Amino acid sequence: MINQSNILRGKVYVLGDNIDTDQILSAEYLKVNPATEEGRKELATLAMCGLPEGSIPFVDKNTGKAKYDFILAKNNFGCGSSREHAVVSLGASGVKAVIALSFARIFFRNCVSTGELMPITIQNSHFLDCIKTGDMIEINLETNQIVIPGETLNMAPIGELANIVSAGGLFAYARQNEKM
C-alpha cells in the first residue's frame with residue numbers, strides 16, 4: 001500500500017458525517033468469510049453497499065473494485081457496530097485510506113488491527129468544501145500533508161501507524177519486528 005516514497009495518489013470519494021458500518025457493509029453480508037480469497041472478492045464488490053439509493057456508485061461493476069482510492073468523510077466515520085468486515089470490504093475493494101475529521105474508536109482500531117487501510121485524521125473541515133468525488137489528491141505520509149490542486153492541508157501525524165498498516169496489521173507488524 002505505501003510506496004517507497006511514502007506518497008499515495010488517487011481519486012477520492014466524498015461522504016458526510018456519521019457514516020456507519022451498515023452503510024459501509026450491510027449486516028446481511030457478515031456471513032461472508034473474509035479469510036478466504038473468494039470471501040475477500042465478494043466483500044470488495046459490496047463495499048459501501050449500504051449508501052442511500054441515488055448515491056454515486058462506489059464499486060465498478062466490471063472490475064468488482066472501488067473506483068476510488070480514498071474516502072473523505074466528516075465526523076464519526078465507521079460508527080455503529082464493531083464488525084471488522086466493514087474495514088475488510090474497503091481494503092479488499094482497493095481503498096488505500098479513509099480521511100476524516102474523526103473516527104469511531106472501534107473502526108479506527110480495526111484499521112490498525114487488520115492493516116487493511118490507513119485511517120487519517122484531519123482537523124480542518126474547510127478541506128471538505130474544496131473537494132468533490134472524483135478529484136485527485138496526494139497524501140504525503142512523511143510530511144503529514146494532503147495536497148489537492150491549489151491547496152495543502154496538514155493532517156494528524158501518522159507515525160508508526162503507517163508501518164503497521166504497511167506490514168498488514170498489528171500482528172504482522174509485531175512478527176516482523178520480532179515482538180511476538
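**Entry 1: N144**

I started at N144, which sits in the loop that runs between β7 (136-140) and β8 (145-148). The model I am reading is a predicted one.

I then checked what the side chain of N144 reaches. One of its polar atoms lies 3.2 Å from the backbone nitrogen of I158. Leaving out residues up to four places away in sequence, I listed L153, N154, M155, A156, P157 and I158 as the residues that N144 touches.

**Entry 2: M155**

From that list I went on to M155, located in the loop between β9 (151-154) and α6. I recorded a relative accessible area of 5% for M155, which makes this residue buried. With residues up to four places away not counted, M155 touches I120, T121, I122, Q123, I139, N140, L141, N144, Q145 and I146. I also took one distance: the C-alpha atoms of M155 and T143 are 9.0 Å apart, and the two residues are separated by 12 places in sequence.

**Entry 3: the nonpolar cores**

Which residues touch the most other members of the largest nonpolar core? I found I120 and I139, in a core of 27 residues. I noted that at least two residues of this core come from each of β1, β4, β5, β6 (118-121), α5 (126-129), β7, β8 and α6 (161-167). The largest share is that of α6, with 4 residues. Apart from this core I found another, of 26 residues, including I24, F58, A86 and V98.

**Entry 4: helix α3**

Why do I call α3 (residues 84-93) largely enclosed by the rest of the structure? Because 9 of its 10 residues are buried. I wrote them down as H85, A86, V87, V88, S89, L90, G91, A92 and S93. Among the elements that cover these buried residues are α1 (21-24), α2 (37-46), β3 (65-66), β4 (70-73), β5 (97-100) and α4 (105-114). Just after the helix, I read a positive phi of about 110 degrees at G94.

**Entry 5: α2 against α3**

I next took the pair of α2 and α3. Their axes come within 7 Å and cross at roughly 90 degrees. Angles of 65 to 115 degrees count as roughly perpendicular, and I therefore put α2 and α3 down as roughly perpendicular to each other. On the α2 side the contact is made by R40, L43 and A44, and on the α3 side by H85, V88, S89, G91, A92 and S93. I sorted the residues of this contact into 4 nonpolar, 4 polar and 1 charged.

Last, I looked at two asparagines. N18 has a phi near 55 degrees, a positive value in a residue that is not glycine. I located N18 in the loop between β1 (7-14) and α1. With a relative accessible area of 43%, N18 is partly exposed.

N76 is not a glycine either, yet I read a positive phi of about 65 degrees there. N76 belongs to the loop between β4 and α3. I recorded N76 as partly exposed, at a relative accessible area of 28%.

How values were computed: Residues are numbered from 1 along each chain as its sequence is written. This is a predicted model: local features need pLDDT of at least 70, side-chain atom pairs count only at pLDDT 80 or more; totals for chains, interfaces and linings use all residues. Side-chain values use heavy atoms; hydrogens and water are left out. A polar contact is a pair of N or O atoms within 3.5 Å; within protein, one must be able to donate a hydrogen and the other to accept it, and residues adjacent in sequence count only if both atoms are side-chain atoms. Contact means heavy atoms within 4.5 Å. Buried means under 20% relative accessible area, exposed over 50%, partly exposed in between (1.4 Å probe, protein chains only). Axes are lines fitted to C-alpha atoms, for helices over the stretch in contact, and angles run from 0 to 180 degrees between N-to-C directions. Angles under 35 degrees count as roughly parallel, over 145 as roughly antiparallel, 65 to 115 as roughly perpendicular and the rest as oblique. Ala, Val, Leu, Ile, Met, Phe, Trp, Tyr, Cys and Pro count as nonpolar, Asp, Glu, Lys and Arg as charged, and the others, Gly among them, as polar. A nonpolar core is a set of buried Ala, Val, Leu, Ile, Met, Phe, Trp, Tyr and Cys residues joined through side-chain atoms within 4.5 Å.
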